[in-house]
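Subject: Structure handover

Hello,

Here is the structure I said I would pass on. My notes follow below it.

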Amino acid sequence: MYNLEKFVILIRQKNYDEAIIGLKDIIKKNIINSEVFNLLALAYQYNNNFSKSLEIYKKSLKLKKIFQTYDRMGEVCIKNNNLQLAQKYFNKSLSINKNNSITHNNLGIVLAHLNRELKSIKHFKRAIKLDHEYKEPIYNLLEIYEKINASKDFNKLVLFSINKFKNDQIIKFYYAHILAKQNQMLEANLILKNINFIKFDPVWDIRRLYQLGKINDSLKNFSAAFIFFKKANKKSLDLIGKNLLTNNSYIKKLDRYLEHSKNYFIPTNKINIKTNNNFKHFFLIGFPRSGTTLLDTILRSDQNILVIEEKPMVNKIREKSDSLNGLENITANEAKILSKMYFSELSNFINIEDIQNKILVDKFPLNIIESRLIHYIFPNAKFIFAVRHPFDCVLSSFMQDFQINQAMINLLDIEASAKMYDKVMQLWASYAEKIPHKNICIIKYENLINNVEQTLKKLIKFIDIDWNKEFLNFNKTAFERERIRTPSYKQVIQPIYKSSSYRWLNYEKELKKTKPFLDKWIKYFNYE
């Protein structure tokens, strides 16, 4: 019998290739058992060869079905971003051993990423019940409670945990969150300043810095607040790589679109695609932090309005249209194909029959840069364009902990954010000239929070539905949503508040670099 301990040591020392060679030699000599296969699969797993790892784990299961193997397969699928398959393997593990707290926690994580938060809660609770000292499911459950606005459950678990784990840094972070919500800003500020996340994932320290920024903004320590936001963004940028900002693919796309916009064509034969769908089609667009989430939530107050939140239908037809010979050369038949692609992608998220005799609102703010394509494929569709003071829009984006992608990377730097705003609005200004005025409704964020009823009546008239006072009770709508999946969810569940309007006046010094890019848009949108 071979001594397998040396291979365990090799894997611990990250000598994966050496471990793989040795374990394969053992198998070649027909010395086969599940432990050998599991070690080989683990070496492949840690060496990021996920397909090979799963292949070997499956061979191990043929020899011996144990829950640990299914757990490992679930972990591989998480790393390979195959969450549906990970869910399957963790469920298999629990069918063998239903009392494994780690498996329950892992399955909870997968379900949360699949946007099935309520089911994930059950598994986190089960993990905590099985092992009272296991803190990971406590962290995860607090995260879910905070995201779905379950304040009572959140507060109860934080207060229980802070008594049990007095020195735990993550629990302290959440305790500071409670204090901030109770307007005990000085106490929250002190706790956050003294938290040390050096032993944790750097993302935790980024979150701490964002929270310090928000608290200091509330305390009117504006200079300190800006420094905290700047530090948080710098850490995020260091984590993902500064080259993704300096050599940004999204900015390159904007530049390409701007070049094409100089020759904005007017189709000689307007394409009018007839469909069997009897519904009104709207696109809710705008720069990030311009009020689109607030509008989204308000519109959901009407049962005849179906809002689809940030789904990639337009991205799919853009990918397909790019493979054709330029948008101006698209034939009526090709445009019809693109239209069908849009609804095919939409069917992944809703039952298409649900939009019959309804109002479909496709809410994806940065689809603003695709408004030319949208208008060409859907000439009868209308645009709800959310606008906010350019300085406030850029500042609020800089102060927000967004999920990072190629577009949002630009918001980690105040000057890059202003440049991106400038390019986006140049595109919109070019496209809007060719879209019929009756197909565009501009909603200013400032008007919405200062004169909500009058502003909403303007929007409702544009949508062409009857006025309903329930539109003013949007907070109730927000609470009834399982989760608002944008960084604006905390503000949306609150009553209309005016502190975010013209916040930029507190940060004039810090915004000096943005003026060359934003001043013209202040004039364009009549904010002078």
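In which hand does helix 9 pass helix 10? The crossing is left-handed, meaning that the near helix is turned anticlockwise from the far one by less than a right angle.

Before the rest, the conventions. This is a predicted model, in which local features need pLDDT of at least 70 and side-chain atom pairs count only at pLDDT 80 or more, while totals for chains, interfaces and linings use all residues. Residues are numbered from 1 along each chain as its sequence is written, and side-chain values use heavy atoms, with hydrogens and water left out. Helices (H or I, at least four residues) and strands (E, at least two) are DSSP runs, numbered from the N terminus.

Helix pair

The axes of helix 9 (residues 136-147) and helix 10 (residues 151-164) come within 9 Å and cross at roughly 150 degrees. Axes here are lines fitted to C-alpha atoms, for helices over the stretch in contact, and angles run from 0 to 180 degrees between N-to-C directions. The two helices are therefore roughly antiparallel (angles over 145 degrees). On the helix 9 side the contact (heavy atoms within 4.5 Å) involves I138, L141, L142, Y145 and E146, which meet D153, F154, L157, V158 and S161 of helix 10. By class, that contact has seven nonpolar, one polar and two charged residues (Ala, Val, Leu, Ile, Met, Phe, Trp, Tyr, Cys and Pro are nonpolar, Asp, Glu, Lys and Arg charged, the others, Gly among them, polar).

Five strands form an open sheet in the order 2-3-1-4-5, with parallel pairing (two strands pair if DSSP finds at least two bridges between them). Strand 2 (305-309) and strand 5 stand at the edges with a single partner strand each, so one side of each has no neighbour in the sheet. Neighbouring strands are turned by 20 degrees against each other on average, direction ignored.

Strand 4 (residues 382-387) is joined to strand 5 by five bridges, and F385 has I442 as its bridge partner in strand 5. Four of the five residues of strand 5 (residues 440-444) are buried (under 20% relative accessible area, 1.4 Å probe, protein chains only). Helix 24 lies across strand 1, strand 3, strand 4 and strand 5, at about 165 degrees to strand 5.

Loop

N468 is in the loop between helix 24 (452-463) and helix 25 (474-480). Its C-alpha atom is 7.9 Å from that of D302, 166 residues apart along the chain.

Regards

Terms used. Buried means under 20% relative accessible area, exposed over 50%, partly exposed in between (1.4 Å probe, protein chains only). Angles under 35 degrees count as roughly parallel, over 145 as roughly antiparallel, 65 to 115 as roughly perpendicular and the rest as oblique.
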